[in-house]
Structure formats: structure tokens, C-alpha cells
Amino acid sequence: MFHPLLVAFSLVSFVLAQDTALQIEAIEAHFTNAGIVPDLLATFAPTAAMSVSFDGVGVIQPGQPLSQSQVSPTPSVTVASTNSSLGSNFTLAMVDAGPVGSDQSKGQTRHWLVNGVSLSGSNGNETVSNASATAITEYAGPAPPSGSGAHRYVILLYTQPSSFTPPDGLSSPNVGVSVFSLSDYVKSTGLEGPVAGMYFTVEVGTASSSPSATSAVETSTLPVPSSNGKGGTATGTGSASSQPGTSNGAFVVKSNGAALLLGAVLAVGFA
């Protein structure tokens, strides 16, 4: 005879893992549709879903258009993983990838770079902690040039290897905002990943030219990972456009079947 509460808790964990897996697939699609892959990142295969929250705004959606004032405070960052462990040391970075179609060969403006960050909490919701980290560049809110279009601000979390050694010029705290090459930095330090990422857009004034078009991410078409390794189709609905300067829909996953089953198990358990 099974214990209904144990079954219920197991089911909750299963549903949360499913939702996290879908969020990971969704952000992969967003990065590709927004041109972040392959322009800024050659590849992007995250193993965790990142959540970014600004005071007064709350948790943001991928590609969400925000104002300078909304993103001026340092955001809080959490990650959820389907793996048992992501590691112990990480590097957190935020760069300005410019409008869609920007030439990345000239480098990116670095708005945030912290080495030695850690994770606290459970795998379901781990907070990125800077308590014992080294802030090379403290968070600096976006300030794109007026009329230059919607700039993509990309936040990335990399696994930091034990052999990690920062390059000259970026090894001590309080380095101001400046242009550097993210890809060169990652390659020279041996950073692995990124294991998670998120992005938002900020635009000041009216662009004098139209950015390259991007397509919407239809989350209802994303495959749902299952415990037997086979994928189905997401039962949830929702779409989020990666088009800069437009409002993005929230990523929503509806686990209707699991919710009904969970309700039935709980009903039996307390009957």
C-alpha cells in the first residue's frame, strides 16, 4: 500500500523538474532567435534555468523591454537545475551585446563581472551569492546611446574551474565599465558553460534604422523531456517574442494532468 503523501511529494518534484527542463529549452530558443547565438555565443547548452529579478519590476521574461531606471539596481539572480549539482564556484557576467545584428568582433561593454560566486539553497531554487566573491566590475545599469536601438543585455553564469586565473587588468576589484572580448575572456580563463543565462533589452530614444527581425518562441511546440528519455509536446501554451522593443509574453507551462493527479492523490490521502 503506497503512502499518498509520499506519492504527492514525488509527483511535485517530478513536475518541477519537467518545468525546469522546459524553461531551459525555452531560453535556448530565445538566445538563438534573438541572435545571441551564434553572434555573442558560439553555442549555448544550459543545464539550469536562470531567474532574474529587479526591485520594482519582479522576475523578468527573456528579452523583456525595460527602461534604464527599471534596471538601475543590482538584480537578484537564482538558478534551478535538473542536475544534482552544478558545481561550487562560478563567474557571473553581464555584457551589452548591442542591437540584433551588431558586430561582436569589436568586443562587448562589460556591465558586471564577478568571480568566485557560489550558490545557496536547494537545486530547485538556488540563489547566486556574491558574499565571498570578487567583484571585478560592480553591476552598472545599462546606458545605451540614444537612437541606437534596443540593446540586448545578456547575463551569464559560468562554471569556474579550480585552475581559474583571471587575466591581467581583470584580476582586481573595482574595474570600471569598459569594452572587452567575452569570448577571449572565457577562453583564456578556462570558464565552462555558460550553464545558465537570461537577457533583457533597453532602448533610449528612437532608432534611426530597423533591427534584424527575429521570430517568436512558441513554447507549446517545445518537446517535453520525460523520465524515459523520450520527448513529447508541451501541454502548456504561451509565446515570447525575441523582437527587441516589443513586449514579450510570459513563458507558461500548464501541468494540467499532473495537477489533477496530485489533487486526486491528496484527496485520497486525507479522505
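1. The charged end of arginine 110 sits over the ring of phenylalanine 180, 5.0 Å from its centre; a charge is taken to sit over a ring if NZ of Lys or CZ of Arg is within 6 Å of the ring centre and within 35 degrees of the ring normal. This is a predicted model, in which local features need pLDDT of at least 70 and side-chain atom pairs count only at pLDDT 80 or more, while totals for chains, interfaces and linings use all residues. Residues are numbered from 1 along each chain as its sequence is written, and side-chain values use heavy atoms, with hydrogens and water left out.

2. Strands (E, at least two residues) and helices (H or I, at least four) are DSSP runs numbered from the N terminus.

3. Leaving aside neighbours within four places in sequence, glutamate 126 has contacts (heavy atoms within 4.5 Å) with Val77, Thr78, Val79, Leu86, Leu119, Ser120 and Gly121.

4. The whole structure holds 6 aromatic pairs, for which ring centres of Phe, Tyr and Trp (its six-membered ring) must lie within 6.5 Å, with planes under 30 degrees apart called stacked, over 60 edge-to-face and the rest tilted. One of them, phenylalanine 31 with phenylalanine 44, is stacked, at 4.3 Å centre to centre and 15° between the planes. This pair links helix α1 (residues 4-33) to the loop between α2 (36-39) and β1 (48-54). Phenylalanine 31 also pairs edge-to-face with tyrosine 199, at 6.0 Å and 85°, a link from helix α1 to strand β11 (residues 192-202) across 168 residues.

5. Two peptide bonds deserve a check: valine 37 to proline 38 is cis, with omega about 15°, and glycine 193 to proline 194 is cis, with omega near 10°. Proline 38 is found in helix α2, whereas proline 194 is in strand β11.
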